[in-house]
Amino acid sequence: MQTSYQDGYFNVSAEHGFLPSQEPLRGVPMDTYPVLQEIMDHMPALKNKFGAPGLLGTDGAIERIVKLKLPNYINETKEETEPARLAALYRAYTFLASAYLLSPAHHNQASDGAYGRAHDTLPVNIAQPLCQVADALQLYPFLDYHYSYSLGNYVKRDPVKGLHWNNLDMACSFTGGSDEIGFIMNHVYINEVTPGLVGGVIGAVNAACKGNLDDVETHMKTVLETMVEANTRRATMWKASRYKRYNDFRTFIMGIQGNTTVFGDGVVYEG
């Protein structure tokens, strides 16, 4: 069995577990994509990067800013090859795509408790560069767990400290509130221990192939100890985040497939 499985950004191994092999970039490269980063900084509904309610807090604001200010960075994204830069761009564009598409559903849910319809078209200045970086990374052009929302989305508040959820912020966020941050950064905190899980499984399989049952038992004990610690960390979820505030950001992490109530027949990506 291989000892690692890597794509240039993630390296699933006994060294890194399921986390990226390097800390995620804090934002997209400002020298090339300043307006994209500006929108991401102003986007969070409850508390943007400047401490004020952001674009998603006002119905229709994200749509207006995308139409009026966002360039189509398709030519710039075609030049990108470095995995960390591509990952940061994919993260930003998938967040922006979900924010744009689901903003009306979010505001409808906030006003009367029922999810409204999402937009059924993603404008070209989001769709084209998103699809470009998604293709480069061999990913689907929509918000995902590992590159976008959680594992590739953490920023350390104190760079010398570890990955406890109370030391982490989100590079991209829908609300900017402590409940969203605590909820998804607790997943990073859980995954901090996954090197033991991956290493234990790989070690156990390789030992079994050699017929070394003592080593199999040793590695499986490591797997058990890791799962116990991961579950202990999982149990802090509702300390990190108030479950009653889940709907503040729930709408924005919906998927398209099978979600006909919100997305109808699906979404057209322009371009």
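**Note on helix packing and selected residues**

1. Helix H7 (residues 178-191) and helix H9 pack with their axes 9 Å apart, at an angle of about 165 degrees. Because angles over 145 degrees count as roughly antiparallel, H7 is roughly antiparallel to H9. The crossing of this pair is right-handed. On the H7 side the contact is made by Asn186, Tyr189 and Ile190, and on the H9 side by Ala230, Arg233 and Arg234. Sorted by class, the contact of H7 with H9 has three nonpolar, one polar and two charged residues. The model under discussion is predicted, and the remarks below should be read accordingly.

2. Is Arg233 buried or exposed? Its relative accessibility is 12%, and Arg233 therefore counts as buried, the cut-off for that class being under 20%. Apart from neighbours within four places in sequence, Arg233 is in contact with Asn186, Tyr189, Ile190, Glu192 and Val193. Asn186, Tyr189 and Ile190 also belong to the H7 side of the contact between H7 and H9.

3. In soluble globular proteins, nonpolar side chains tend to be buried together. In this model the largest nonpolar core has 68 residues, and the members that touch the most others are Leu36 and Leu96. Helix H4 (residues 83-112) supplies the largest share of this core, 15 residues. With neighbours up to four places away in sequence left aside, the contacts of Leu36 are Val28, Leu70, Tyr73, Leu89, Ala92, Tyr93 and Leu96.

4. How do helices H1 and H4 lie against each other? Two packed helices are described by the angle between their axes and the distance between the axes. For helix H1 (residues 34-42) and H4, the axes come within 11 Å and cross at roughly 55 degrees. The two helices are therefore oblique to each other, and H1 passes H4 in a left-handed crossing. Leu36, Ile39 and Met40 of H1 make the contact with Leu89, Ala92, Tyr93, Phe95 and Leu96 of H4. By class, this contact of H1 with H4 has eight nonpolar residues, with no polar and no charged ones. Both Leu36 and Leu96 take part in it.

5. Helix H2 (residues 61-69) also packs on H4. The buried residues of H2 are Ala61, Ile62, Glu63 and Val66, and what covers them includes H1, H4 and helix H5 (124-137). The axes of H2 and H4 are 9 Å apart, and the packing angle is about 130 degrees. That angle makes H2 oblique to H4. H2, like H1, passes H4 in a left-handed crossing. Ile62, Glu63 and Val66 of H2 meet Leu96, Ala99, Tyr100, Ser103 and Pro104 of H4. The contact of H2 with H4 has six nonpolar, one polar and one charged residues by class. Leu96 is named in this contact and in the contact of H1 with H4.

6. Further along helix H4 is Ala105. Ala105 is buried, with a relative accessible area of 0%. Which residues does Ala105 touch, not counting those up to four places away in sequence? They are Tyr115, Gly116, Arg117, Ala118, Thr251 and Val262. Tyr115 lies ten residues from Ala105 along the chain, and the C-alpha atoms of the two are separated by 5.2 Å.

7. Two loop residues complete the note. Gln138 lies in the loop between H5 and helix H6 (145-149). Its phi is near 60 degrees, a positive value in a residue other than glycine. Gln138 is exposed, with a relative accessible area of 75%. Asn212 is placed in the loop between helix H8 (194-209) and helix H9 (213-234). With a relative accessible area of 31%, Asn212 is partly exposed. Asn212 and Thr260 are 48 residues apart along the chain, and their C-alpha atoms are separated by 52 Å.

Note on methods:
Residues are numbered from 1 along each chain as its sequence is written. This is a predicted model: local features need pLDDT of at least 70, side-chain atom pairs count only at pLDDT 80 or more; totals for chains, interfaces and linings use all residues. Side-chain values use heavy atoms; hydrogens and water are left out. A nonpolar core is a set of buried Ala, Val, Leu, Ile, Met, Phe, Trp, Tyr and Cys residues joined through side-chain atoms within 4.5 Å. Buried means under 20% relative accessible area, exposed over 50%, partly exposed in between (1.4 Å probe, protein chains only). Helices (H or I, at least four residues) and strands (E, at least two) are DSSP runs, numbered from the N terminus. Contact means heavy atoms within 4.5 Å. Axes are lines fitted to C-alpha atoms, for helices over the stretch in contact, and angles run from 0 to 180 degrees between N-to-C directions. Angles under 35 degrees count as roughly parallel, over 145 as roughly antiparallel, 65 to 115 as roughly perpendicular and the rest as oblique. A crossing is left-handed if the near helix is turned anticlockwise from the far one by less than a right angle, and right-handed if clockwise. Ala, Val, Leu, Ile, Met, Phe, Trp, Tyr, Cys and Pro count as nonpolar, Asp, Glu, Lys and Arg as charged, and the others, Gly among them, as polar.
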